[in-house]
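Open the model in your viewer and keep the sequence panel beside it, so that each selection can be followed in both places.

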Amino acid sequence: MYDEDELSLLDSDEALESPLDKLPPVTDPPEEEAGPDVEELLGLLASSDKTQRMIAIRAFCEVKDPRATAPLIELLSNECPLVRVSAAYALGRNPGPRAVQPLIDQLNQDWNGYVRKGVVWALGNCSDPQAIRPLIAALMTDITAVRLWAASSLGQVGLVEAEAYSCVTVPALASSLEQDPMAAVRSNCAWSLGQLCQAIPVSDTYQLGLKVLIAALKDRDLGVQEDAKAALLKLGDPRGLQALEDLEPESSL
């Protein structure tokens with residue numbers, strides 16, 4: 001049995017930093033250097049040596065190979081939180097249709113905030129609408145660090161068939177942008193709303209997203225204001241641009 005204090009994996013309502021948080025974006029091109037031996041790494045995923053197995057899991061946080069997905073899914077339910085969180089990040093690098101439901105199941109049942117944080121990041125990379133409702137639930141109810149990533153993941157997954165799912169994604173993000181107590185979460189909601197509103201036609205849902213983004217220009221946090229401003233500029237709606245213009249006299253005082 002693993003002791004929570006020994007592992008320093010406390011599930012508190014504070015931002016959880018993971019050793020794997022510094023991962024570059026999924027779209028980054030590989031560096032020009034000799035890559036690892038993927039065949040060897042695949043074998044090590046099933047190793048009885050915990051150290052070698054962990055090396056392989058963390059390697060797949062950088063390396064992409066579809067053959068890694070199945071063994072990583074198995075490791076997602078490992079008894080050790082460090083294995084689970086590493087497997088979640090690795091599945092984010094190696095997503096596939098088979099990984100979506102196991103990730104959702106782990107999000108719903110894992111007691112550890114580190115793991116749930118990694119899972120919502122991975123779900124954001126899966127591009128599967130099945131993840132939308134679990135991500136909304138995480139955005140509404142989970143700890144700060146998980147809500148932070150759930151907000152940005154919704155901006156990614158919500159773009160898949162954006163028009164069909166905007167009736168649930170946009171209201172959820174709008175509600176959190178208005179009400180979440182953490183500025184960083186509200187900022188990510190503003191970013192995601194900007195992404196989704198660009199992808200859907202003008203409708204009641206679009207109007208809601210626009211209205212909340214305009215209101216966020218007067219958020220109590222300057223960072224949220226800036227993210228709302230950037231979203232409105234990219235959206236290019238005349239009402240949003242007018243709201244930005246109306247702010248200029250205030251900012252010059």
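**First stop: alanine 138**

Select alanine 138 together with Val120, Val146, Arg147 and Ala150, which alanine 138 touches when residues up to four places away in sequence are not counted; contact here means heavy atoms within 4.5 Å. This is a predicted model, in which local features need pLDDT of at least 70 and side-chain atom pairs count only at pLDDT 80 or more, while totals for chains, interfaces and linings use all residues. Residues are numbered from 1 along each chain as its sequence is written, and side-chain values use heavy atoms, with hydrogens and water left out.

Alanine 138 lies in helix α8, residues 132-141; helices (H or I, at least four residues) and strands (E, at least two) are DSSP runs, numbered from the N terminus. Is alanine 138 buried or exposed? With a relative accessible area of 4%, alanine 138 is buried, where buried means under 20% relative accessible area, exposed over 50% and partly exposed in between (1.4 Å probe, protein chains only).

**Second stop: aspartate 237**

Move on to aspartate 237, in the loop between α13 (222-235) and α14 (238-252). Aspartate 237 is also buried, at a relative accessible area of 7%, and its side chain reaches the backbone nitrogen of arginine 239 at 2.8 Å. Leaving out residues up to four places away in sequence, aspartate 237 touches Tyr206, Leu210 and Leu232.

Select helix α5 (residues 81-93) and helix α7 (residues 113-126), which pack at an angle of about 10° with their axes 8 Å apart. The axes are lines fitted to C-alpha atoms, for helices over the stretch in contact, and angles run from 0 to 180 degrees between N-to-C directions. The two helices, α5 and α7, are therefore roughly parallel to each other, a term for angles under 35 degrees. Among the residues that make the contact are Val85 and Tyr89 of α5, and Val115 and Trp121 of α7.

**Last stop: the whole chain**

Finally, show the whole protein chain, whose secondary structure comes to 14 helices and zero strands. Colour the chain by pLDDT, the predictor's confidence in each residue, from 0 to 100: confidence is lowest in helix α1 (residues 4-7), at a mean of 35, and highest in helix α12 (residues 204-216), at 98. Over residues 1-15 the pLDDT is below 50. Where pLDDT is low, the predicted coordinates should not be read in detail.

Conventions
Angles under 35 degrees count as roughly parallel, over 145 as roughly antiparallel, 65 to 115 as roughly perpendicular and the rest as oblique. A polar contact is a pair of N or O atoms within 3.5 Å; within protein, one must be able to donate a hydrogen and the other to accept it, and residues adjacent in sequence count only if both atoms are side-chain atoms.
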